[in-house]
2 protein chains.
Amino acid sequence: MTIKLHFELQERPDNWRNNAVHAQSVYARIASAISKFEPVTVCASAAQWPNARSQLPKNIRLIEMSMNDSWFRDTGPTFVVRKNASNSGTSKPKVAGIDWNFNSWGGIDDGCYQDWSLDCLVARKILEIERIPRFPQSIVLEGGSIHVDGEGTCLTTEECLLNKNRNPHLNKGQIENELNAYLGVRKDGEAKLRLPGTRLAASYVNFYIANEAIILPQFGDQKWDDEAVRVVSLAFPNHEVVRIEGAREIVLAGGNIHCITQQQPAILEC
Amino acid sequence: MTIKLHFELQERPDNWRNNAVHAQSVYARIASAISKFEPVTVCASAAQWPNARSQLPKNIRLIEMSMNDSWFRDTGPTFVVRKNASNSGTSKPKVAGIDWNFNSWGGIDDGCYQDWSLDCLVARKILEIERIPRFPQSIVLEGGSIHVDGEGTCLTTEECLLNKNRNPHLNKGQIENELNAYLGVRKDGEAKLRLPGTRLAASYVNFYIANEAIILPQFGDQKWDDEAVRVVSLAFPNHEVVRIEGAREIVLAGGNIHCITQQQPAILEC
């Protein structure tokens, strides 16, 4: 399945050193690496659009998008696919996007910044551009706080979804019902918690799975960089592992390759 | 052929009364009217995006686009179609967009405003969003200064293209060569000038031709509004004429329905 990537070159001065010049360079290399395996879309603010265009290869699609910060994994839509859509008379799989609520990881009191009004519109804007149906959802949920395997299992963490600064009005059962309805996961699946509260920014597991490649962060430590490549290659024997040097630049702002990307299922044509 | 419309709700305070509230309402009615006949895309700045979304029907696609002013007819791409593309092994017609140069109708000395850097990017941004190939062109040419009939004829005016504040380095023959190459028009066609310098803002001819409808400005004079509907209905016997009341709001800024729209050929699927 062809998938696409969204990410932005961002401008939050409190979060990125030297006006994000170094981070932007890494972003451009990541986008370029992924574009060798699947179509890539990059988002940039109007002010950064010309700069981004100059740094990106021509085969990458650049669209204007205003954001408060740059974590598409958390603010972008969660794409869902209904594979057996044959009764509709078309062979195209049905793709839709869930537009979760977002509150900057904790709202006014605990959040990372005070105005996330632009981030709240990211998912909706992407879905409009892509002409993909939107499923609005009122639950506060960062896309990066859930992980599904496509076979009915959803991994998540109570630290995010059940936190009183996210969804104080919902209990565990109510949230599970919503995930079940929107993600098509089973309520009886065993919930495995990831380490609470961490975004695993400086971890090798913060990679992006492209169609036939793993886009893997490297941190400048030859021994462990090589070890990470070895382990990930074993885990994904049919994928080429592509190293992204200098990924520390993204760590500085609290995330990594997985956090700044969002895969999008292709709408296959007949 | 299905076509699409691009236009924006804009913010230039020197050009629109009451922060463009009245004009935006007319824009929304125009978009809504066209959307009954073909898919419509509206562009709005990030600041105006939520406002625009609230004024537009759900079936209209809204995308973020920063602009200096709102005349898509002049700043948007000129779409060209190659109908006989059968050798490429696909039945899809080839569509491309010409990205002309733009200098705010006259540049630093004679132009309408001093910074048109965002307007210069409009055509390119649209083409990236639509994944349509871009033909860059260095000639300064407003899309509204040319008119083609699809049969090799191009109407234009020397007042725009040959003006020293547009293309001082090019003579008539050189410009004709470029139009010939990019638009596929014949150099030997008879050039008919429209009234030089006027944008025909307050004229009934500033209408938009939708797939099966004419979206016609109305100016509040019952006698002449009716007469315009009668004449246009005779000229387009297979189109429904749709009246847009209150079009004076757009006249105030120097254009009308034709000026704020840009039709886009559909890419037909197999």
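Residues count from 1 along each chain as its sequence is written, while chains are lettered from A and ligands numbered from 1 in the order written. In this predicted model local features need pLDDT of at least 70, side-chain atom pairs count only at pLDDT 80 or more, and totals for chains, interfaces and linings use all residues; side-chain values use heavy atoms, without hydrogens and water.

**Exercise 1. Work out the strand order of the open sheet in chain B, and find which helices pack on it.**

Step 1. Take the strands. Helices (H or I, at least four residues) and strands (E, at least two) are DSSP runs, numbered from the N terminus. Two strands pair if DSSP finds at least two bridges between them. The order is β9-β10-β11 in chain B, an open sheet of 3 strands with mixed pairing.

Step 2. Find the edges. They are β9 (208–209) and β11 (240–244) of chain B. Each has a single partner strand, so one side of each lacks a neighbour in the sheet.

Step 3. Follow one pairing. Strand β10 (residues 213–217) of chain B runs parallel to β11(B), and 5 bridges join them. I214(B) has V241(B) in β11(B) as its bridge partner.

Step 4. Contact means heavy atoms within 4.5 Å. Angles run from 0 to 180 degrees between N-to-C directions, with axes fitted to C-alpha atoms, for helices over the stretch in contact. Helix α1 (residues 21–35) of chain B touches β9, β10 and β11 of chain B, at about 165° to β11(B). Helix α8 (residues 222–235) of chain B touches β10 and β11 of chain B, at about 155° to β11(B).

**Exercise 2. Describe the sheet β4-β5-β6 of chain A.**

Step 1. This open sheet has 3 strands and mixed pairing. The edge strands are β4 (78–82) and β6 (134–140) of chain A. The twist averages 30° from one strand to the next.

Step 2. Strand β5 (residues 94–101) of chain A is antiparallel to β4(A), with 5 bridges between them. V80(A) stands opposite A96(A) in β5(A).

Step 3. Helix α5 (residues 119–130) of chain A packs on the sheet and touches β4, β5 and β6 of chain A.

**Exercise 3. Characterise the interface of chain B and chain A.**

Step 1. Count residues. Chain B gives 24 residues and chain A gives 24 residues.

Step 2. Give the area. Buried area is the accessible area (1.4 Å probe) that two parts lose on being put together, summed over both. Here it is about 2000 Å², with 49% from carbon and sulfur atoms.

Step 3. List the charged pairs. A salt bridge is a side-chain nitrogen of Lys or Arg within 4 Å of a carboxyl oxygen of Asp or Glu. The rule finds 4 across this interface. One of them joins E128(B) to R53(A), with the closest N and O atoms 2.8 Å apart.

Step 4. Name the contributors. On chain B, α5(B) gives the most to the side that touches chain A, with 6 residues.

**Exercise 4. Trace the salt bridge of E130(A).**

Step 1. The partner is R61(A), with closest N and O atoms 3.2 Å apart.

Step 2. E130(A) lies in helix α5 and R61(A) in strand β3 (residues 61–64) of chain A, 69 residues apart.

Step 3. Over all chains, the rule counts 14 salt bridges.
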